[in-house]
Amino acid sequence: MPAFSIENFGCRATDADATGLRGALLADGLTLAKKHASADIVVLNTCTVTAAADSQAREAIRKIHRANPAARIVVTGCYAQRAPEELAAIEGVEWVIGNSHQARIPEILRRQQSRTARRDFVSVAELEGDALSLARGPAKILTADIFAEAEAWTAWAPAAGRAERTRPILKIQDGCNNRCSYCVIPFVRGRSRSLPPDEVIREARALCEAGAKEVVLSGINLGSYGRDLSGRADLAGVVRRILDETALDQLRFSSIEPQDVTKDFVALVASTARIARHFHIPLQSGCDGILRAMHRWYRTGHYAERVQLIRGMLPDAAIGADVIAGFPGETDCDFRTTFEFIERLPVTYLHVFSFSERPGTAAARLGNRVGAAAIRERARALRELGQRKAAEFRAGQAGRPARALTLAGGGEDYTEALTGNYLKVRIAGRHPANEWHEARIEAT
């Protein structure tokens, strides 16, 4: 059977998709190559949240093709859904398959393997009426209207294959109904849709049985989970079912919007040691005028209230935030307002992004662009602030005991591990991944 390799770019949701695709290809009988250079088929699952993400994917394609010209390169994911023609034009790319058809990649490859004497794409008729959006040039493209997708799906293979990673990701929601002016993701992921609760429980239980001790619940807009389903379903409800109906040691959330951080939700996290004390809450700007231009649904007072709610109920919780530097129209005064707002907040780390124009978004049509040099300087200042916040949080935890899950990384005499409140620590000695250890936090 052919050997394949797979590489993922982007967020936890794309990571979950790539892991599921990997498992499905293995279940189909393909073998996994350790390196792209030795693979017959290379699958790249792309991100398109920034121009840098697009550039990273293009460079990876060119590098793989140079190292392995015979490899049949399949490009999928968000970039493939957004701009398939750009990817199809790159030498070495044989197929561009959007998110709309990603779940059918194993089927497409299976049918291709039955045509050993041919190099062409699966016929339209064999794809049950699906149309090729573009069928010219060296590569073939298969995409469709992502907003026509009505169901969410997660991995497509036995959970044993997905639990090979220490902290497997369980994607329970896809798509987004929000229209933040800077964000292209709703246009490449479609409308919000949720995995039915019974399927979530089956997936979580299977991961536990495969050995997972921590599972990360993920989604494009995780807090909207269940709103599209008939009957009563919400994130808190499915979390309670996971805790009640599985033996999972620890559940962690990927990211949750400020409006979904309610008192009841924080109380749920505080009620059990089986949920990691870790909240990642996108902020994007600490200036109300910029939040308004971003089409965000909250203002700084609301955000600060939710962060203080967490800090009051869970003093040791990790609280992370995303922030964008250089959104169109952001003045020096606006940036200072953002910087000072974050400086006052008890957040523990930052993910900083430089504004990147995304075609088709409302922000791409805005004037008053911030210069590249100013964006770089603002991003640098925010990253330094984030590093200071992280150091202060770690120092405040010094001397306290913590339970940590060992990771794959480490050195000759230590093993890396992660605490429930998102501190990476070193455990003395070499230990296998996926083991709990009692640790004592030390300041660095």
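# Reading a predicted protein chain

Modeller: Of the 444 residues of the protein chain, 55% count as buried. This is a predicted model, where local features need pLDDT of at least 70, side-chain atom pairs count only at pLDDT 80 or more, and totals for chains, interfaces and linings use all residues. Residues are numbered from 1 along each chain as its sequence is written, and side-chain values use heavy atoms, with hydrogens and water left out.

Biologist: Why is Pro-186 called buried?

Modeller: Buried means under 20% relative accessible area, exposed means over 50%, and partly exposed is in between (1.4 Å probe, protein chains only). Pro-186 has a relative accessible area of 2%, so Pro-186 is buried.

Biologist: Where is Pro-186 found, and what does Pro-186 touch?

Modeller: Pro-186 is found in helix H7, residues 185–189. Helices (H or I, at least four residues) and strands (E, at least two) are DSSP runs, numbered from the N terminus. Leaving out residues up to four places away in sequence, Pro-186 touches Phe-147, Cys-176, Asn-178 and Arg-179. Contact here means heavy atoms within 4.5 Å. The C-alpha atoms of Pro-186 and Gly-175 are separated by 5.9 Å, with the two residues eleven apart along the chain.

Biologist: What makes Ser-254 buried or exposed?

Modeller: The value for Ser-254 is 7% relative accessibility, so Ser-254 counts as buried. Ser-254 is found in the loop between strand E10 (250–253) and helix H10 (263–270). Beyond its neighbours within four places in sequence, Ser-254 is in contact with several residues, including Arg-12, Val-216 and His-280.

Biologist: How do you know that Lys-171 forms a salt bridge with Asp-17?

Modeller: A salt bridge is a side-chain nitrogen of Lys or Arg within 4 Å of a carboxyl oxygen of Asp or Glu. The closest N and O atoms of Lys-171 and Asp-17 are 2.6 Å apart. That value is within 4 Å, so the pair is a salt bridge. Lys-171 lies in strand E7 (residues 169–174) and Asp-17 in helix H1 (residues 12–27), so the pair ties together parts that are 154 residues apart in sequence. Both Lys-171 and Asp-17 are buried.

Biologist: Which residues are linked with Asp-17 and Lys-171 in a network of salt bridges?

Modeller: The network links Asp-17 and Lys-171 with Asp-174, Arg-189 and Arg-193. The structure holds 28 salt bridges.

Biologist: Why can such side chains pair?

Modeller: Side chains of opposite charge can pair when their charged atoms come close.

Biologist: What makes Arg-66 and Glu-59 a salt bridge?

Modeller: The closest N and O atoms of Arg-66 and Glu-59 are 3.6 Å apart. This is within 4 Å, so the pair counts. Arg-66 has 56% relative accessibility, so Arg-66 counts as exposed. Glu-59 has 41%, so Glu-59 is partly exposed.

Biologist: Where do Glu-384 and Arg-380 lie?

Modeller: Both lie in helix H14 (residues 372–397), four residues apart, about one turn of the helix. The side chains of Glu-384 and Arg-380 meet in a salt bridge, 2.6 Å from N to O. Glu-384 has a relative accessible area of 43%, so Glu-384 is partly exposed. Arg-380, at 35%, is partly exposed too.

Biologist: How do you know that the radius of gyration agrees with a compact globule?

Modeller: The radius is taken over C-alpha atoms, and the globule rule is 2.2 Å times the number of residues to the power 0.38. For 444 residues, a compact globule would have a radius near 22 Å; the protein chain has 22 Å, so the two agree.
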